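Please look at the sequence and the model first.

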Amino acid sequence: MNHAKKAASFIANEARTDWHDQALWFVREKRDRAAHAIPEWEALRELASQIKAHTLSNLDIYLEQFEKQALKNGAHVHWAIDAEEHNHIVHRILQKHQVRHVVKSKSMLTEECHLNPFLEQQGIEVIDTDLGERIIQLREEPPSHIVLPAIHLKKEDVGALFHEKLNSEKGATDPKYLTEAARQHLRSKFLNAQAAITGVNFAVAETGSLVVCTNEGNADMGVHLAPVQIHCMGLEKIIPRQADLGVFTRLLARSATGQPITVYTSHHQQAKVGGEMYIVIVDNGRSEHLGRADFRNALKCIRCGACMNTCPVYRRSGGHSYGSTIPGPIGSILAPGLDLEQNSDLPFASTLCGSCSDVCPVKIDIHEQLYRWRQVIAQEGHLTRVKKWSMATAGKVLASPGPYDFTGKMARTALNLLPRFALYNGLNEWGKERELPQVPKERFREWYKRVRGVGNE
Amino acid sequence: MKIALFIPCYVDQFYPQTGIATLELLEKLGCRVEYPMAQTCCGQPLANAGCEEDALPVYQHFTEVFGGYDYIVAPSGSCTYHVRHHYGVIEQTETVRRIRERTLDLTEFLLDVLKINQLGASFPHRVGLHQGCHGLRGLRLGKGSERTGEDFSKIKTLLQMVEGLELMDLDRPDECCGFGGTFAINEAAVSVKMGKDRISDHLRHSVEVVTGGDMSCLMHLEGIIRRQGHPLKVMHLAEILNSTL
Ligand code: SF4
C-alpha cells in the first residue's frame with residue numbers, strides 16, 4: 001500500500017488525526033521557543049552544517065582516526081558492510097560471551113538492520129528499555145517517529161497494552177502510574193542482562209569516544225550493569241573533535257524536544273573494569289549514498305526528528321504511513337537511496353513547503369532533495385505510463401503559444417489545459433471534497449485582447 | 001523600464017480578475033506594462049511531478065518570450081520561485097541568467113523595485129493572510145516561524161498600507177495549505193485535511209477574506225470553502241491592493 005492510501009486511512013479517523021497533529025505541533029512550538037532563545041541559532045546551524053560537510057568529505061580519514069583511538073582505548077572495533085553483517089557481528093559477540101539476555105536502548109540503526117527479530121531467532125532475548133520503544137516492542141510494531149517512537153499511541157492505548165502484557169490495573173491511564181509499571185518491569189530486565197546494546201549519537205574521531213543522548217538514563221543503566229557493552233553506529237555519526245560536540249548537543253535537544261539539553265549526555269570511552277566494549281560501524285548503503293552528489297547532504301542528519309514534527313503531511317498521516325524505518329521528510333529522501341522502486345511514492349508525499357529544511361539543525365536541503373528524487377524517479381521509469389504521457393503532452397502544448405492560445409468557455413470548462421496535469425488520474429480526486437474553480441466568462445488573455453487590443457506578440 | 005506581466009496559466013484561465021488587478025495596480029503606480037501574448041506557463045506543474053525533462057522546452061519558451069524585458073512581474077510567489085530556483089538546469093546564457101534575476105513576485109517588485117510606501121487602497125474588512133510556502137520560504141518574502149531573527153513580512157507591509165484593513169492573527173501563521181500541485185490529487189486526503197485545518201484557523205479568528213500571494217493555494221482553499229459552505233472569501237493580494245472604496 002502506498003503512502004497516499006495509508007494516509008487516507010489514518011485520516012479517516014479525523015479526531016485522532018487532529019490529536020496526532022496537535023501533539024506534534026506542540027513539540028514543534030517547544031522547539032521554536034528553545035531555538036528563538038538562542039540569538040546565534042542560525043549561525044549555529046550553519047556551523048553544524050559545515051562541520052558535517054567537512055566530515056563527510058573526509059570521512060575515510062576520520063573513521064580511521066576514530067578506529068585507531070578507540071582501539072587505543074581498549075575497545076573492539078568491527079566494520080559491517082550491511083545490515084546482515086551487522087547482525088552477525090553482534091550475534092557473534094553475544095555468543096562469545098554466552099549472552100542470552102540483552103537490554104537495548106534506542107537505536108534507529110538496529111531498527112534499520114532489524115536486529116531484534118534476528119537475535120530473537122537465535123534464541124536471545126532483546127528488551128528495548130526506552131519507554132516508547134518498549135511500548136511498541138510489546139505491540140510488535142515499528143516506531144512511528146525517530147525520537148518519539150510511540151507518538152501515535154494515546155495513554156489509553158498504553159494502559160490497555162500494559163494491562164495485557166504487564167498486568168497493570170485495567171483502564172489505567174495515569175502516565176505516572178504507567179511509567180512506574182514499565183519501570184518495575186524493566187528493572188528485572190536490567191538486572192538480568194548480560195549485555196547492553198546502545199545506539200550512538202556522535203562518535204568523536206579525536207578521542208575515539210562515543211556520545212549517547214537520552215532522557216531516561218536507560219542507556220547508562222544498561223551499560224553500567226551489564227559486563228558487555230555494544231555500541232552500534234552508522235558511519236556518518238563521526239565528528240572530528242571533542243570541541244565540535246557542543247555545537248551539536250546544543251542543537252540536538254532543542255530541535256528534538258525543545259529541551260536545552262538531553263537529561264543524559266553519556267560519554268563512553270573505555271570498558272568498565274572487567275567488562276568489554278564493542279563498537280560496530282555500519283555502512284549499509286551509506287557510502288553509496290555519499291557518492292550521490294545531489295543527495296549526500298542527507299547524511300548530515302543527526303536524527304533530531306524536527307522535520308517530522310514540523311511536516312504538515314507527517315503530522316496528518318502518521319509515521320507508519322511511510323512504510324520505511326525512518327519516516328517523514330528525512331526518511332523520504334533516504335529511503336529512495338535504499339530501494340528506489342519500493343519507495344518511489346515517498347518523495348511525492350510532500351507539498352514541498354520547505355518547512356523541514358528550515359527547522360533542520362544541520363540545514364539539509366530536504367525539500368530540494370525531494371524535488372530532485374522526483375526527477376530521478378521519473379527518469380528511471382517509475383511513474384505510471386499515463387502520467388508520464390500526460391506530462392509529455394502538456395510539455396509540448398506549453399512550449400509554444402499556439403495550442404495554449406485557444407479561447408472560449410467550452411475549452412476551459414473541459415479544463416483543457418491546466419490543471420491538465422490533473423486530468424490523467426482524476427479530477428474526481430480533486431472534486432471528492434473540493435469544488436473546481438468556477439469558470440469565468442473570459443480568460444485573462446481574452447480580456448486583455450478585448451480591452452487593450454491585441455497584445456505584443 | 002520595460003516591464004512584462006507574467007500571468008500564471010491557472011490565473012489566466014480561472015482567475016482573470018487577479019491578472020487584471022495586477023495590471024491595473026502596476027499602471028496606477030506609473031508603470032508601463034506589457035503582457036506578451038506568446039506566454040504560456042513556467043513549467044512548474046511538470047517539474048514538480050518529476051517531469052523536468054518535459055518541462056525543459058517550456059523553460060526555453062519562457063526565456064524566449066521574456067528575454068527582452070527589464071523586469072518580469074508575476075502575481076505568484078510560486079511561479080517566480082520556480083523560474084529563479086529551478087531554471088538552473090537549462091544552459092545559463094546571459095538571457096537566462098538575467099531572467100532568473102529579474103523575475104519578481106508582485107510584492108518584491110512593489111517594495112524592492114518601486115519602493116512604494118503608500119498605496120491609496122482601501123479595504124475595510126477582516127483579512128487573514130495565507131502565506132504561500134514558495135513565496136515565504138523560497139523567496140524569503142517574510143521570516144518563517146522556523147527561523148530566528150528579526151520578524152518581517154513583505155506582504156504584511158503592503159497590507160498595512162491598505163486603509164481600513166484589519167489583519168487578523170492566526171494560530172499557525174505559516175503552515176502549508178496542502179495544495180502542492182499534483183500533491184492535491186495524488187494525496188487528496190492529506191491535501192484536503194491540511195486545507196480544512198487552515199480554513200478553521202481563519203474561521204476561529206473571524207476572518208472574512210483570506211488573501212495571499214498565490215492563487216493556487218487560494219484555489220485549493222476556495223474549493224474546500226465552497227464545498228463546505230463557509231462564510232469566507234478568497235482574494236488574491238493584488239485585488240486587495242488594487243481596491244478602492
Ligand atoms: S533531517 Fe534535519 S531535522 Fe530531520 S531528523 Fe535529520 S537533523 Fe533533524
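Arg28(A) and Glu146(B) form a salt bridge, with 3.9 Å between the closest N and O atoms; the term stands for a side-chain nitrogen of Lys or Arg within 4 Å of a carboxyl oxygen of Asp or Glu. Between chain B and chain A the count is 14 salt bridges. The largest share of the side of chain B that touches chain A comes from helix H11 (residues 188-204) of chain B, with 9 residues; helices (H or I, at least four residues) and strands (E, at least two) are DSSP runs numbered from the N terminus.

The model is predicted: local features need pLDDT of at least 70, side-chain atom pairs count only at pLDDT 80 or more, and totals for chains, interfaces and linings use all residues. Residues are numbered from 1 along each chain as its sequence is written, chains are lettered from A and ligands numbered from 1 in the order in which they are written, and side-chain values use heavy atoms, with hydrogens and water left out.

How many residues of each chain take part in the contact? In chain B 76 residues are in contact with 85 residues of chain A, where contact means heavy atoms within 4.5 Å. The two chains bury about 7300 Å² between them, and 57% of this lies on carbon and sulfur atoms. Buried area is the accessible area (1.4 Å probe) that two parts lose on being put together, summed over both. On the side of chain B, Gln13(B), Phe14(B) and Met37(B) lose the most area to chain A, together 11% of what that side buries.

The ligand is surrounded by 13 residues, and the closest are Cys301(A), Cys304(A), Gly305(A), Cys307(A) and Cys360(A); a residue is near a molecule if one of its heavy atoms lies within 4 Å of it. By class, this shell has 11 nonpolar, 1 polar and 1 charged residues. Here Ala, Val, Leu, Ile, Met, Phe, Trp, Tyr, Cys and Pro count as nonpolar, Asp, Glu, Lys and Arg as charged, and the others, Gly among them, as polar.

Chain B has an open sheet of 4 strands in the order S2-S1-S3-S4, with parallel pairing. Its edge strands are S2 (33-34) and S4 (103-105) of chain B, each pairing on one side only. Two strands pair if DSSP finds at least two bridges between them.

| Parallel strands | Bridges | Opposite residues |
|---|---|---|
| S1(B) and S2(B) | 2 bridges | Ala4(B) and Glu34(B) |
| S2(A) and S4(A) | 3 bridges | Lys104(A) and Ile197(A) |
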